[in-house]
Structures are given as C-alpha cells and as structure tokens.
Amino acid sequence: MADILAAPQHATSPQTAKDEQLRTLGAISVAHWVSHFHIFVLPMLFPFLKQQLNVGYVELGFALTVFAVSSGLTQAPIGYVADHLGARKILLMGLCLGGAALIALGLHLSYPSLLVSAALLGLANSVYHPANYAILSAHMNEARMGRAFSIHTFAGFLGGAVAPAIVAGLVAIVGGHGALIVAGTTGPLVALFLLGVGIPDAGATNRKTNSANPPRQNVITPALIVLTVFFLLLSLSNAGIANFGVVAMMSGYGATFSAANLALTAYLGASAIGVLAGGYLADLTERHGQVAAACFAVNAVILLIVATTSLPPLLLTAAMALAGFLGGVIAPSRDMMVRNAAPPGAAGRAFGIVSTGFNIGGIISPLLFGWIMDKNLPHWVFGTSVVFMVLTVLLALATERNPKSSPSGQAAKSVS
C-alpha cells in the first residue's frame with residue numbers, strides 16, 4: 001500500500017504526506033467495508049426473514065428494490081451536496097443512518113419495518129461513492145490513483161465477502177434479531193473511528209482553496225451517461241448471483257446451506273483479490289474498456305457452464321471463485337473511467353451520477369431474480385446473469401472504439 005502514497009506539493013515533508021495519505025486511505029476503506037457489509041446483511045438473512053415474516057421471495061426482493069430506489073433517487077443529489085458542503089460530514093451521517101436502520105429493524109421486526117429499514121439503508125448507501133471518491137480524488141497521488149481506488153474497492157468487496165460468514169455466525173450466536181442489531185452497530189462505531197482518525201474533507205474546502213468563483217460546469221455529459229448504462233449492466237450481471245446465489249444453489253444444485261455460502265464467499269472473496277490485481281492493471285493501461293470486455297467475456301462462459309450443468313460442490317466453488325476474480329479485476333479500471341470523464345472538482349457529482357446505474361439495476365434485479373426463484377428456475381439466476389454480461393461486453397467494446405481524454409485523465413497521465 002505504501003507505494004501508492006507520495007507527497008503532495010503542499011506537504012511539509014514526504015513522510016508527513018505519506019502518513020496523511022495512508023491514514024486517509026485506510027479510514028475511507030474501512031467506511032467502504034461497512035457500506036458493502038450493510039448491503040449484504042438483509043440478503044444473507046433471507047431464510048430467517050422469510051420464515052419470520054411469512055412472505056415470498058418477491059416480497060423480500062421488493063425490499064431490495066426499495067433500497068435501490070431510495071439510493072438511486074438520492075445518489076446524484078448527495079454527490080452535489082458532497083461537492084458543495086463537504087464530503088466528510090456526509091460520510092459520517094451515512095454511517096450512522098445505516099447502522100440505525102438495521103438496529104431499529106432488529107428491535108421491531110415486521111414487513112413494514114423491513115421496507116422502512118431498506119429505504120433508510122438506501123439513503124445511507126447513497127453517500128459512500130460520492131463522498132469516498134471525492135475525498136480520495138482530492139488527497140491521493142495522481143500517478144497511482146488506480147491502486148488507491150483498488151484498495152478502497154477491495155475493502156468494500158471484502159465487506160461483502162465476509163458478510164455471509166459473519167451473518168451466519170451472528171445468527172447462530174445471537175439469533176436473527178441480534179444479528180441485525182450487532183451488524184447495525186458497526187456504522188456508528190466506524191463513524192467514531194473516522195472522527196478519531198481525523199479524515200480530511202473534500203468538495204467545499206478544496207473549491208474555496210482553489211478558486212473563490214469556480215466556473216459552472218455541465219457534469220451530465222454523454223460520456224457519463226454511457227458510463228451510467230455501463231454501471232447498470234454491471235449491477236444486473238452481478239446482483240442475481242450476490243443476492244440469490246445461495247438460494248439458487250440450494251434449490252437448483254442440491255447444495256447445502258453451508259456449501260452454498262462457501263461458494264458465494266469464494267465468489268465475493270476472489271472478487272476482492274481481483275480488485276487488487278486490477279489496481280495495478282488500471283495504472284498500466286488506458287484501455288479500461290478492453291479490460292472489462294475481456295474479463296466479462298470469460299465470466300460469461302464460466303457462468304454459462306454453471307447455468308447449464310450441475311457441477312459438484314468443489315468445482316462449483318472453483319468456478320465461482322474464478323468468475324469473482326475476473327469480475328474484481330475490472331473494478332479499478334471502471335472507477336478510472338469515471339474519474340477521467342469527470343470535470344475538475346466534480347468527482348462527487350460524477351460518481352453520484354454513474355452510481356445511479358447501480359441503483360437502477362438494484363431496482364430491477366430483486367424483482368426479476370425473485371420472480372425467477374418463485375417460478376422454481378434457479379439455473380436461470382446464472383443464465384440471466386450471462387445475458388447481462390454479454391451486453392456488458394458489447395457496451396465496453398463500443399465505448400473503447402472512441403476513447404476520449406478528460407482534463408483529469410490527462411493530468412493523471414502527466415504525473416510520473
């Protein structure tokens with residue numbers, strides 16, 4: 001991690017700058033860990049919630065749709081707020097709100113409470129990408145920004161990867177209600193940690209430093225619109241596996257609960273490892289679209305095999321791990337594509353806009369894959385993901401045919 005950190009021009013000494021950047025990257029990465037962990041808490045509790053609330057998978061999927069609608073409607077506005085009022089305070093509020101939503105659900109479990117909690121979790125989730133990327137873009141070294149993004153993304157993937165094991169362990173120790181409460185406490189605790197560490201701000205503070213009257217810029221550009229669609233397809237290709245992979249493997253492949261969770265954990269854990277490899281790749285190449293296309297093309301083949309055959313548990317876990325690794329490799333390149341397309345000083349808004357694609361996918365996917373499971377078609381959880389991966393490959397190749405350099409992208413290239 002240390003090679004990512006280099007002294008900014010205003011630093012009093014190289015070591016001071018290195019320490020400041022290390023502290024910032026570590027703290028923001030912990031916050032990203034919490035965001036992904038909270039995203040997976042409800043899906044991992046689907047068996048418990050289904051039994052306690054006496055509802056079907058479509059009803060449970062609708063809760064995830066509520067989450068996605070809430071996050072999707074607020075993602076771009078939160079990016080605006082982060083750029084204009086400061087990203088730090090927005091991030092701290094998001095951590096506390098997400099934690100409070102899970103704690104409240106654990107204390108009063110009902111289907112209406114589940115929907116309210118999902119809405120609040122969605123609002124909390126909307127802060128992480130705009131706030132985190134605004135802070136990282138303002139305070140990390142330009143020449144190694146891909147690796148900084150990869151460590152941040154790795155922490156998020158790791159939060160999702162360990163969520164199945166942590167939630168399963170919590171259910172065994174303190175029950176479903178207790179699992180919700182304990183998972184929720186991570187939000188406020190990490191907010192206190194960030195306050196203690198003293199993370200820097202981004203957005204309003206940087207703008208005041210750089211210019212008293214910054215020029216007005218149109219952030220909604222054709223490049224960001226295309227990237228929003230790209231994020232939508234990424235979401236649709238991964239959501240079915242992440243949210244319904246366990247129940248699909250149990251009902252369609254005869255896997256036990258522990259074996260299915262192991263396969264999903266391998267998928268998510270390998271994704272996190274792939275992110276770290278992808279960070280180096282993102283700093284070595286400008287062909288980020290080709291990286292995405294190649295990885296998802298191989299992924300489509302792997303998941304097509306999973307969808308059409310009944311693999312034994314060991315091979316199923318290995319296939320899921322390889323698919324997860326390749327999916328993780330493209331994440332830093334994906335983030336660099338957004339940063340390079342963002343106008344100067346508008347990283348929060350840019351990431352807020354394109355992340356809306358994730359939320360639109362989150363609105364569609366729970367209902368789609370919940371309907372597939374209610375129709376007892378578990379193999380189509382993977383088959384439908386293959387279709388979306390093929391579309392992702394086609395869009396990535398199409399965008400690569402006419403690459404455009406942005407001011408931020410050119411600035412990054414000039415630093416060595």
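Two rings of Phe, Tyr or Trp count as an aromatic pair if their centres lie within 6.5 Å, and the pair is called stacked when the planes are under 30 degrees apart, edge-to-face when they are over 60 degrees apart, and tilted otherwise. By this rule, the predicted model shown above holds 6 aromatic pairs. One of them joins Y133 and F351, whose ring centres are 4.0 Å apart and whose planes meet at 10°, so this pair is stacked. Y133 belongs to helix 6 (residues 128-139) and F351 to helix 13, so that the pair links distant parts of the chain, 218 residues apart. Are these two residues buried or exposed? Y133 counts as buried because its relative accessibility is 0%, and F351 is buried as well, with a relative accessible area of 1%.

A second pair is made by F231 and F358, which is tilted, with 4.8 Å from centre to centre and 50° between the planes. Since F231 lies in helix 9 (residues 222-252) and F358 in helix 13, this pair ties together parts of the chain that are 127 residues apart in sequence. F231 is buried, with a relative accessible area of 1%, whereas F358, with a relative accessible area of 21%, is partly exposed, because the cut-off for buried is under 20%. Returning to Y133 and F351, we find that they form one aromatic cluster together with F149.

V58, found in helix 3, is partly exposed, with a relative accessible area of 31%.

Helix 3 (residues 57-85) is also the place of T65, which counts as buried because its relative accessibility is 5%.

The last stop is helix 4 (residues 87-107), which has 21 residues and reaches 31 Å from its first C-alpha to its last, close to the 30 Å expected at 1.5 Å a residue. Among the buried residues of helix 4 are I90, L91, G94, L95, G98, A101, L102 and L105. In an α-helix there are 3.6 residues a turn, so residues three or four places apart point the same way.

Technical notes. Residues numbered from 1 in each chain as written. Predicted model: local features only at pLDDT ≥ 70, side-chain atom pairs only at ≥ 80, totals over all residues. Heavy atoms only, no water. Helix = DSSP H or I, 4+ residues; strand = E, 2+ residues; numbered from the N terminus. Expected span 1.5 Å × (residues − 1). Buried < 20%, exposed > 50% of the residue type's maximum accessible area, 1.4 Å probe, protein only.
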